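Colleague: I am new to this one. Could you walk me through it, one question at a time?

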Amino acid sequence: MKVPMIGCASHRLHLAIQLWIRDSEYEDILEKFHQLMKKLQTLKQSGKLRKTTDLRPVKQCLTRWSGNFFMLKRYFQLEAYIDKADANLAVNIPSVSEVLKLKKLLEIFENFQSVTTELQNEDITLAEVRILFDGLIGQFPIMEKYLDENSEIVHSPKFEFGLVKIIKCEFNEMDDEEKSAMKKFEQEEPQMTASRNEDGMSFAKLILSGAKNKKLSSPYRNLNWVKPTTVMVERLFSRAGFVLTPYRQKLLPINFEADLFLLISSEYWDNCLVNKLVA
């Protein structure tokens, strides 16, 4: 279709973290933990845990890297309640040295999770995503394969470069190809624009806090509305799944859309308004 496209930053981050895990010393330990969690979910082991805690084991999730993070976090919450003398579990119980490694890995995963959470912010811009990705590449160079601005996974690099530079108020540094890609966003009367400066304690917030506020007269329209992820769409699909249940398979498309619209916009209506409209 020859239409420029912005790929999903969350998907790129997932691929980068999975690549880092495969290249690290932790892959075998994580698989060992996955087997332990599977055993803890059996009827016998689950029964033992229910006598001492309400927490349930968490397994890996192939479609989300964060499954490893939540699995690891849950292990340290369950560690005191696991029957380590059980012969069926002994082969998968981590040694003292492995526990030390896993605590270090958990700290790294918490940093990854802070970036993942920041990417789910509906107000995040492409420029902030670029800052986060550059920060990750600085600490984990192998992630460059998916997070670098020139990565093969980037569908429209010049279009994306142009967007980032406009948002960061660096439009004077754009080359001819980037200017051509951004021509449709030019405006006749330049307006003042500014990049945001984030501050906070998490890993992601600390990276973003390095960005400086800029306020310049921009010849381009404000492009902060361009979404760097498809998180909003995925959330919509997930909520649609709660509407179109197996018991509603014969629901007409127009009624399905109406139900979904009401669900998404539930903050704007209540039962009193519905009764008023129906009456």
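**Confidence and helix packing**

Modeller: The protein has an average pLDDT of 84, and 91% of the residues score at least 70; pLDDT is the predictor's confidence in each residue, from 0 to 100. This is a predicted model, where local features need pLDDT of at least 70, side-chain atom pairs count only at pLDDT 80 or more, and totals for chains, interfaces and linings use all residues. Residues are numbered from 1 along each chain as its sequence is written, and side-chain values use heavy atoms, leaving out hydrogens and water.

Colleague: Where in the protein is confidence lowest, and where is it highest?

Modeller: Helices (H or I, at least four residues) and strands (E, at least two) are DSSP runs, numbered from the N terminus. Strand β1 (residues 186-194) is lowest, at a mean of 63. Where pLDDT is low, the predicted coordinates should not be read in detail. The highest confidence is in α8, at 93.

Colleague: How do the axes of α1 and α7 run relative to each other, parallel or antiparallel?

Modeller: Axes are lines fitted to C-alpha atoms, for helices over the stretch in contact, and angles run from 0 to 180 degrees between N-to-C directions. The axes of α1 (residues 9-23) and α7 (residues 126-139) come within 12 Å and cross at roughly 5°. Angles under 35 degrees count as roughly parallel, over 145 as roughly antiparallel, 65 to 115 as roughly perpendicular and the rest as oblique. So α1 and α7 are roughly parallel.

Colleague: Which residues of α7 make that contact?

Modeller: Contact means heavy atoms within 4.5 Å. On the α1 side, A9, R12 and L13 take part. On the α7 side, the residues are V129, R130, F133 and L136.

Colleague: How many residues of α7 are buried?

Modeller: Buried means under 20% relative accessible area, exposed over 50%, partly exposed in between (1.4 Å probe, protein chains only). The buried residues include L126, A127 and E128. They pack against α1, α6 (96-119), α8 (144-147), α9 (157-167) and α11 (203-208). α7 is mostly covered, and its buried count is ten of 14.

Colleague: Is L49 buried or exposed?

Modeller: L49 lies in helix α3 (residues 43-50). Not counting residues up to four places away in sequence, L49 touches L40, R56, P57 and Y81. Its relative accessibility is 2%, so L49 counts as buried.

Colleague: How far apart in space are L49 and I82?

Modeller: In sequence, L49 and I82 are 33 residues apart. In space, C-alpha to C-alpha, the distance between L49 and I82 is 7.1 Å.
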